[in-house]
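Take a look at the chain below before you read on. The report then goes through it part by part.

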Amino acid sequence: MERLAARSEEFAEIGLVIEAFGPDAMIVRETPALLGQIDIAALLRDLADELAETGAATSLKERLDHVAATLACHSSVRSGRRLNADEMNALLREMESTPHSGQCNHGRPTYVELKLADIERLFGRR
């Protein structure tokens, strides 16, 4: 319980709000919505064990990152999908304001830059 309570601010940053509730209990005020219905007691035990073994509790953050990455991948524009001009412009504006938008969460590029000379060479103009 002490290990979990000592990291409560760290957990709160990712949506797990806990606090000590007596000498051997924790009260859970909030859980990350991305986790859906979970066995919170098992999660707290796992986090406490991880803190005891490694001194860090990264498994929850990694789980949340995985869920967010999967959601981003599944809701992305798929190859071959035709976009109209408004959709293309909206997508480009979002990419301009989104950090790391140059690659997907799997590391593949989301766009390539072609210079005019590259395009001319592709069409046999130079």
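## A serine to start with

In which helix is the place of Ser8? Ser8 sits in helix H2, residues 8-13. Helices here are DSSP runs of H or I with at least four residues, strands are runs of E with at least two, and both are numbered from the N terminus.

Ser8 has partners elsewhere in the chain. Leaving aside neighbours within four places in sequence, Ser8 is in contact with Leu16 and Ile18. Contact means heavy atoms within 4.5 Å. Ser8 and Ile18 are 10 residues apart along the chain, and their C-alpha atoms are separated by 6.0 Å. The side chain of Ser8 also reaches the backbone oxygen of Ala5, at 3.1 Å. Such a polar contact is a pair of N or O atoms within 3.5 Å; within protein, one atom must be able to donate a hydrogen and the other to accept it, and residues adjacent in sequence count only if both atoms are side-chain atoms.

## What kind of model this is

This is a predicted model, in which local features need pLDDT of at least 70 and side-chain atom pairs count only at pLDDT 80 or more, while totals for chains, interfaces and linings use all residues. Residues are numbered from 1 along each chain as its sequence is written, and side-chain values use heavy atoms, with hydrogens and water left out.

## The whole chain

The chain has six helices and two strands. From the N terminus on, the elements run α-α-β-β-α-α-α-α. The radius of gyration is 22 Å, well over the 14 Å that the globule rule gives for 126 residues, so the chain is more spread out than a compact globule. That radius is taken over C-alpha atoms, and the rule is 2.2 Å times the number of residues to the power 0.38. Along the principal axes, the C-alpha atoms fill a box of roughly 75 × 30 × 20 Å.

Buried residues make up 17% of the 126 residues. Buried means under 20% relative accessible area, exposed means over 50%, and partly exposed lies in between (1.4 Å probe, protein chains only). The chain exposes about 9800 Å², and carbon and sulfur atoms supply 53% of it. These areas come from the Shrake-Rupley method with a 1.4 Å probe; for residues, only the protein chains shown count as cover. Now take the contacts with a separation of 6 or more: residues 24 or more positions apart account for 36% of them.

## Salt bridges

How many salt bridges does the count come to? The count is seven. A salt bridge is a side-chain nitrogen of Lys or Arg within 4 Å of a carboxyl oxygen of Asp or Glu. One of them joins Glu19 and Arg29, at 3.1 Å from N to O. Glu19 lies in strand S1 (residues 17-20) and Arg29 in strand S2 (residues 26-30), so the pair ties together parts that are 10 residues apart in sequence. Glu19 is partly exposed, at 36% relative accessibility.

Another salt bridge links Arg81 and Glu87, with the closest N and O atoms 3.3 Å apart. Arg81 is partly exposed at 46%. Glu87 is partly exposed too, at 32%. Arg93 and Glu96 also form a salt bridge, at 3.0 Å between the closest N and O atoms. Both lie in helix H5, three residues apart, about one turn of the helix. Arg93 is partly exposed at 44%, whereas Glu96 is exposed at 59%.

## The loop between H5 and H6

Is Ser101 buried or exposed? Ser101 counts as buried, at 19% relative accessibility. Its place is in the loop between H5 and H6. A polar atom of its side chain lies 2.8 Å from the backbone oxygen of Met95. Beyond its neighbours within four places in sequence, Ser101 is in contact with Met95, Thr110 and Tyr111.

His100 lies in this loop as well. His100 is exposed, at 72%. Its phi is positive, about 60°, although His100 is not a glycine.

## A nonpolar patch

Val112 is in the loop between helix H5 (85-97) and helix H6 (116-122). Val112 is exposed, with a relative accessible area of 64%. Together with Leu114, Leu116, Ile119, Leu122 and Phe123, Val112 forms a nonpolar patch on the surface, with about 670 Å² of accessible area. Patches are made of residues with over 30% relative accessible area and no salt bridge: like charges are joined within 9 Å, and nonpolar side chains (Val, Leu, Ile, Met, Phe, Trp, Tyr) within 5 Å.
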